[in-house]
Amino acid sequence: PQLIPTCIATMSQVYSTEPQTTGRVILNTSHGSIDIRLFCKEAPTTCRSFIQLCLDGFYDDMIFHRIINDFLIQTGKRDRPDTLNGNSKG
């Protein structure tokens, strides 16, 4: 007897089925706004931490040193008393 699966999904189908986003942050920069979609159900602690850092002004005047259009931005660790000695909030 031959086993025939009832559902076959290719890897491209699996990767293209992202869950709905449940949060949003608009990051205003000197080169325009960045619309950040958050997956709060899937990563609640990370989203909560990121939103709190935004509200606290952590990213104000932060320099982004690595930018890949439509993919990634990266910044360094801010030198603030609450982020020194490994006591980072994020």
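**Entry 1: the pocket lining**

I sorted the lining of the largest pocket by class and got 17 nonpolar, seven polar and four charged residues. The model is a predicted one. In total, 28 residues line this pocket. I then looked for those nearest the centre and noted L27, I34, I36, F64 and I73. The space in the pocket comes to about 950 Å³.

Which element gives the most to the lining? I found strand 2, with six residues. Strand 2 covers 32-38. Strand 1 (23-29), helix 2, strand 3 and strand 4 (72-75) also supply at least two residues each.

**Entry 2: F64**

I picked F64 next, as one of the residues nearest the pocket centre. F64 sits in strand 3. Is F64 buried, exposed or partly exposed? I read a relative accessible area of 24%. Buried would need under 20% and exposed over 50%, so F64 is partly exposed.

I listed the contacts of F64, leaving out residues up to four places away in sequence. They are L27, I73, Q74 and T75.

**Entry 3: I67**

I stayed in strand 3, residues 64-68, and moved to I67. I67 has a relative accessible area of 56%. The cut-off for exposed is over 50%, so I67 counts as exposed. Beyond its neighbours within four places in sequence, I67 is in contact with L72 and I73. I73 had already turned up among the contacts of F64.

**Entry 4: the nonpolar core**

Which residues make up the largest nonpolar core? I wrote down eight: V25, L38, C47, F50, L53, F58, Y59 and M62. Helix 2 (residues 44-55) gives the largest share, three residues.

Not counting residues up to four places away in sequence, V25 touches I34, D35, I36, L38, F50, I51 and C54. L38 and F50 are core members themselves. I34 and I36 are among the residues nearest the pocket centre.

**Entry 5: cysteines**

How many disulfides are there in the whole structure? My search gave zero. The sulfur of C47 is the nearest cysteine sulfur, 4.0 Å away. C40 is partly exposed, at 24% relative accessible area. C54, a contact of V25, is partly exposed too, at 25%.

Notes. Residues are numbered from 1 along each chain as its sequence is written. This is a predicted model: local features need pLDDT of at least 70, side-chain atom pairs count only at pLDDT 80 or more; totals for chains, interfaces and linings use all residues. Side-chain values use heavy atoms; hydrogens and water are left out. A nonpolar core is a set of buried Ala, Val, Leu, Ile, Met, Phe, Trp, Tyr and Cys residues joined through side-chain atoms within 4.5 Å. Buried means under 20% relative accessible area, exposed over 50%, partly exposed in between (1.4 Å probe, protein chains only). Helices (H or I, at least four residues) and strands (E, at least two) are DSSP runs, numbered from the N terminus. Contact means heavy atoms within 4.5 Å. On a 1 Å grid over the protein atoms alone, a cavity is a set of points where a 1.4 Å probe fits but cannot get out, and a pocket is an open set with protein on both sides within 12 Å along at least five of seven lines; lining residues have an atom within 4 Å of a point. Grid points are joined across faces, edges and corners, and a volume is the space filled by probe spheres set on the points. Ala, Val, Leu, Ile, Met, Phe, Trp, Tyr, Cys and Pro count as nonpolar, Asp, Glu, Lys and Arg as charged, and the others, Gly among them, as polar. A disulfide is a pair of cysteine sulfur atoms within 2.5 Å.
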